Amino acid sequence: MTQALKISSEMVVSLIVVIVAGLFFAGAIQMRGIGGTFPQYVSGAVLALALIDLALVAAGRFRGRPSDIKPVRLSREIEALAWPFVLLALVYVFGFYLAIPLFLAGFFAVKRSLGLKASIAVILGFSFFMYVCFILLLRTPLYAGILGISF
Amino acid sequence: MDILFDAVLNLASLSGMFYLLLGVLVGLLFGAMPGVGGSTALAILIPLTFGMQPADAILLLGGVMGANEFGGSLTSILINTPGTSTNAATCLDGHPMARQGKAGMAIGAAAAASTIGGWIGIAVLLVLLPFAKTIILSFGPPEFFLLAIAGLAAVALSTGQYFLKGLIAGGFGLLLAMVGFDDMGGGQRYTLGIDYLWDGISIMPMLIGVFAIAEMIKLAVDGGKLADDTDVVVTGVMDGIKAVFKNLRTLVQGSLIGTLIGLIPGVGGTVTAFVSYSAAKQTSKDPESFGKGNIVGVIAPEAAINAKDGGSLVPTLAFGIPGGAETAIFLGAMVIHGLQPGPMLLIEHEYVIFSLILSLSLSCLLASLIGIASARYLTHVTRLDITVLVPIVLAIAFVGTYAVQSSLGDVLLALAFGVVGYFMLKFNFPRVTMIIGLVLGSLAERSFHQSLMISRGDYGVFVATTISKVLIALLILAIGVFVYQRLKHARRLA
């Protein structure tokens, strides 16, 4: 019984979905005039569906139904989710031109996925691809970062 | 006819052929990577098409769409690792053939069946489009509103046991489409006081986030290599091609199954391939040989997988209701090229439609030819370490997202959707319904308001015409059948 009542990650997610749907609904009912009609119907329906989903997940958990969700691997997931944020932070500070080689070098170094020569080759190759594709062909000036690093 | 001729001329031009060939190569490469697939390829390629003419962009994307599934078939046959779940049925007999030293024969059969299957699907598309055009012209705002809702529900239904989660994701997609300045009522909706959100949520960052970034996060969590491969020998390709013509009934049956199932929005290639495989097994004189290297077991799913593309383009092009993830991304690409997906696309942009049809037709053939020639080497991409692939795709996704509108806000949004997409993947919320909700959101809301304006606020307008009644009846019937089946299944388990 204790096992059955223990809150699963699936239940937490269903609860978050209910809260988000509730926030959308609360936002919709504050809208005035014709622009509020459709969001009110849709968010109301989504909230109702989210509540049903939560009830079904909770009922399934209570009955001890096996879940088909992979168990949470917290450290791996946090690390995997952190990498894109690291890239964003690097881009914000150094701009794309410097951030991407730095990110690739950092990633390869931490993960030890490539040797030094191969890492340098991939980084140079990707930087060349980026320059040819975005600067020469698409003529898109890339963000230079708050430090203003550009070519 | 002039429009078709113009599209042929564009395809025959040097740049047209270059983009198509590039699309085919990218499609084959990504299709061969297990867990990556065509959706990721399309999502990261779209920003690169930004500076192109719409027709060239469509040739490139059509090349990817036409080729990625054959890339997955090659790894299914050679190393028993399907590029996407769509190719899983090909493993059943394709890999046993490879283990018997008949890899080339299986690849030849897969190449011929997928090419001819693709052409049959496209032929059906060409036949059905004029009828769809006539139907569209008889639609008014209430019918369009119901069509958008029915399309969304159909896609959610196709997710099977995740129907409820699919509907919720679709609902969130509709709500996200409402973010920004409201043209109809004036004022802002769901902008949270953030200026960036005044223009609404762009489809591009959402697509890149939900597909490319989310997939990379998942791969980073899973770790390891995409798959282990072994050295393979590819001989006897011509025997495989001949076998397809000796099994014409299977080829036609598989192609028709693929096309018909493709017409139903959201029913993916996996279902199509397995239905075709089962039908071939059930109608075979030698069903025991299936699963042990029967070439018919390769022909049937391969013909269906590519034929499905033609079928799924009917609701996509005619009604703006994407048949699946790839067609949803494709519709997103149309948006950034200034083409509004929806019923009028077929009427106003025939050139685009013909360009897509031509690129799909040719990409099936090119993918087969290039795939046969490069099969041995293509399987090596599965050796690629995830820790090399992930940072590169993330970098391309970030630069690509920024390049579309030169906006760092887009990159942040893509990242946010990447995280959301990862959790959707993990907790079985179908991502495609959210995308379809976003794509159909403006059509649904506009049609909803127009209908109520026409009727002066009378909701009876949504059931006033025969078409509306038929759409509602179909929707209720589909949901009813689904609920009945689920209850029956639950009782059987109990």
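Predicted model: local features only at pLDDT ≥ 70, side-chain atom pairs only at ≥ 80, totals over all residues.
## Where the chains meet

Start with the contact between the two chains. On one side, 57 residues of chain B take part, and they are in contact with 62 residues of chain A. The size of an interface is often given as the accessible area lost when the parts come together. Here the area buried between chain B and chain A is about 5100 Å². Carbon and sulfur atoms give 81% of that area. Three residues of chain B lose the most area to chain A: B:Tyr190, B:Val399 and B:Phe427. Together they account for 12% of what that side buries.

The interface also has polar links. Between chain B and chain A there are 8 residue pairs in polar contact. Which elements of chain B give two or more residues to the side that touches chain A? They are helix 8 (163-177), helix 9 (203-222), helix 17 (386-405), helix 18 (408-426) and helix 19 (431-454). Helix 17 of chain B brings the largest share, with 13 residues. By type, the residues on this side of chain B divide into 41 nonpolar, 10 polar and 6 charged.

## Salt bridges between the chains

Side chains of opposite charge can pair when their charged atoms come close. Across the interface of chain B and chain A there are 2 salt bridges. One of them joins B:Lys426 and A:Glu77, with 3.5 Å from N to O.

B:Lys165 also forms a salt bridge, with A:Asp53. Their closest N and O atoms are 3.2 Å apart. This pair crosses between chains. B:Lys165 sits in helix 8 of chain B, and A:Asp53 in helix 3 (residues 34-62) of chain A. Are these two residues buried or exposed? B:Lys165 is buried, and A:Asp53 is buried too.

## Salt bridges inside each chain

Over all chains, the structure holds 9 salt bridges. In chain A, the side chains of A:Lys111 and A:Glu79 meet at 2.7 Å, N to O. A:Lys111 has 28% relative accessibility, so it counts as partly exposed. A:Glu79 is partly exposed as well, with a relative accessible area of 34%.

Chain B has a buried example. B:Arg189 pairs with B:Asp182, and their closest N and O atoms are 3.8 Å apart. B:Arg189 counts as buried because its relative accessibility is 6%. B:Asp182 counts as buried at 4%. Elsewhere, B:Glu69, B:Lys308 and B:Asp309 are linked in a network of salt bridges.

## Aromatic pairs

A pair of aromatic rings is described by the distance of the centres and the angle of the planes. Over all chains there are 24 aromatic pairs. Why is the pair of A:Phe24 and B:Tyr190 called edge-to-face? Their planes stand at 70 degrees, so the pair is edge-to-face, and the ring centres are 4.8 Å apart. A:Phe24 lies in helix 2 (residues 9-29) of chain A, while B:Tyr190 lies in the loop between strand 2 (188-189) and helix 9 of chain B, so the pair joins two chains. A:Phe24 is buried, with a relative accessible area of 14%. B:Tyr190 is buried too, at 15%. B:Tyr190 is also among the residues of chain B that lose the most area to chain A.

B:Phe448 and B:Phe462 make a stacked pair. Their centres are 5.8 Å apart, with 15 degrees between the planes. B:Phe448 is in helix 19 of chain B, and B:Phe462 is in the loop between helix 19 and helix 20 (466-493), 14 residues apart. The relative accessible area is 4% for B:Phe448, so B:Phe448 is buried. B:Phe462 is buried at 7%.

## An exposed leucine

A:Leu147 is found in the segment after helix 6 (116-137) of chain A. With 53% relative accessibility, A:Leu147 counts as exposed. A:Leu147 and A:Tyr92 are 55 residues apart in sequence, yet their C-alpha atoms are 8.8 Å apart in space. Leaving out residues up to four places away in sequence, A:Leu147 touches A:Val93 and A:Phe94.

How values were computed. Residues numbered from 1 in each chain as written. Chains lettered and ligands numbered in written order. Heavy atoms only, no water. Contact = heavy atoms within 4.5 Å. Buried area = accessible area lost by both parts, 1.4 Å probe. Salt bridge = Lys/Arg side-chain N within 4 Å of Asp/Glu carboxyl O. Polar contact = N/O pair within 3.5 Å; in protein donor to acceptor, adjacent residues only side chain to side chain. Helix = DSSP H or I, 4+ residues; strand = E, 2+ residues; numbered from the N terminus. Nonpolar A, V, L, I, M, F, W, Y, C, P; charged D, E, K, R; others polar. Buried < 20%, exposed > 50% of the residue type's maximum accessible area, 1.4 Å probe, protein only. Phe/Tyr/Trp six-rings, centres within 6.5 Å; stacked < 30°, edge-to-face > 60°.
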